[in-house]
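Please view the sequence and the model together.

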Amino acid sequence: MIIVVKNTCEQSQFDNLIDWVKELGLGVHVSRGEISTVLGLVGDTSKVDIDLISSLDIVEKVQRVQEPYKNANRKFHPEDTIVNIAGHKFGGNNFHVIAGPCSVESEAQIIEVAEAVKAAGATMLRGGAFKPRTSPYAFQGLKDTGIELLLKAKKETGLPIVTELLSVSHLDLFKDVDVIQIGARNMQNFELLKEVGKTGKPILLKRGLANTLQELLMSAEYIMAEGDSEVILCERGIRTFETMTRNTLDLSAVPALKDKSHLPIIIDPSHSTGIAKYVEPMSLASVGAGADGLIIEVHNDPKRALCDGAQSLNPAQFASLMTKIKTMLPIVGKDYDGK
């Protein structure tokens, strides 16, 4: 349920309304706009007398929300959420590119890639330290050493870092990580979502291999229900009957999610296609669809990559793509990193 309150009301009236709602055992999410303020009521709202609330002078309207996700719902929060990561703002008219290798392989490799993607214009560095692989015999990542190397690359370049968390048991290792990524395989690991929601850190939440958009928003709701509103959604392709690409990139997710939610949404063209030469056209298509950013795999020597080399751009290809992205952004009303 949402209550739209007139901004002309007195603070004492506003406080009394919130206190009364809380006495009913409900949580309240407050979203302030220029004309009105929206109160999102979370919990069992069946006990709320809509007619009584509607009769109050300070109330503009009352509306029940049918969707099961509340905190992530645009009805609760009409304005776009802006997630600020070390001064880089995700959401609204801002656009960012996160780039780096699928896996951290060595200090020399991650620093070389970090310097290259920063020079091309990337605003954040991605890199896997813990790798969820289909085969137990495949490279599983450098684990805690990988995080140490990412932090070294951050120190060298100043780029904030994004890396994936696989288990609650590893959470202490992520205290200096700027953005915790929850990958597709863990999108519905609800206990993990609850724990990252308690960290207060920005969370990059990827859509599962065969999950609906509502299920993605419900996973975001798990994080936000713990008090963490810093969630960035990521469309990374879904599994379909098509075999010419690794997954099928669902670009309709961008307008659909923007219609239903206030959270930023970025695209992963690398995992969705699985083929390096497809990354550029799908990146540009993502810009056209209105995405708030991209997360792209870049490796200094893709042919020798320990993980996902086939979908990785080399630094020269990435630099060329960045030029095209920046040229296209004004057409869709986006600014690159606020510039």
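Which residue in S4 does Ile3 stand opposite? Ile3 faces Val62 in S4. This is a predicted model, in which local features need pLDDT of at least 70 and side-chain atom pairs pLDDT 80 or more, while totals for chains, interfaces and linings use all residues. Residues are numbered from 1 along each chain as its sequence is written, and side-chain values use heavy atoms, without hydrogens and water.

**Sheet**
- An open sheet holds 4 strands (DSSP E runs of at least two residues) in the order S2-S3-S1-S4, with antiparallel pairing.
- Strands S2 (27-32) and S4 (59-63) stand at the edges with a single partner strand each, so one side of each has no neighbour in the sheet.
- Strand S1 (residues 2-6) pairs with S4 over 4 bridges in the antiparallel sense; pairing requires at least two DSSP bridges.

**Largest pocket**
- A pocket is an open set of points on a 1 Å grid over the protein atoms alone, where a 1.4 Å probe fits, with protein on both sides within 12 Å along at least five of seven lines; lining residues have an atom within 4 Å of a point.
- The largest pocket has about 280 Å³ of space, the volume being that filled by probe spheres set on the points.
- Its lining comprises 21 residues, with Lys131, Pro132, Glu164, Arg185 and His271 nearest the centre.
- Strand S9 (residues 161-164) contributes the most to this lining, with 3 residues.

**Cysteines**
- The count of disulfides (cysteine sulfur pairs within 2.5 Å) is 0.
- Cys102 has 1% relative accessibility and therefore counts as buried, the limit being under 20% relative accessible area with a 1.4 Å probe and protein chains only.
- Cys9, at 18%, is also buried.

Conventions: Buried < 20%, exposed > 50% of the residue type's maximum accessible area, 1.4 Å probe, protein only.
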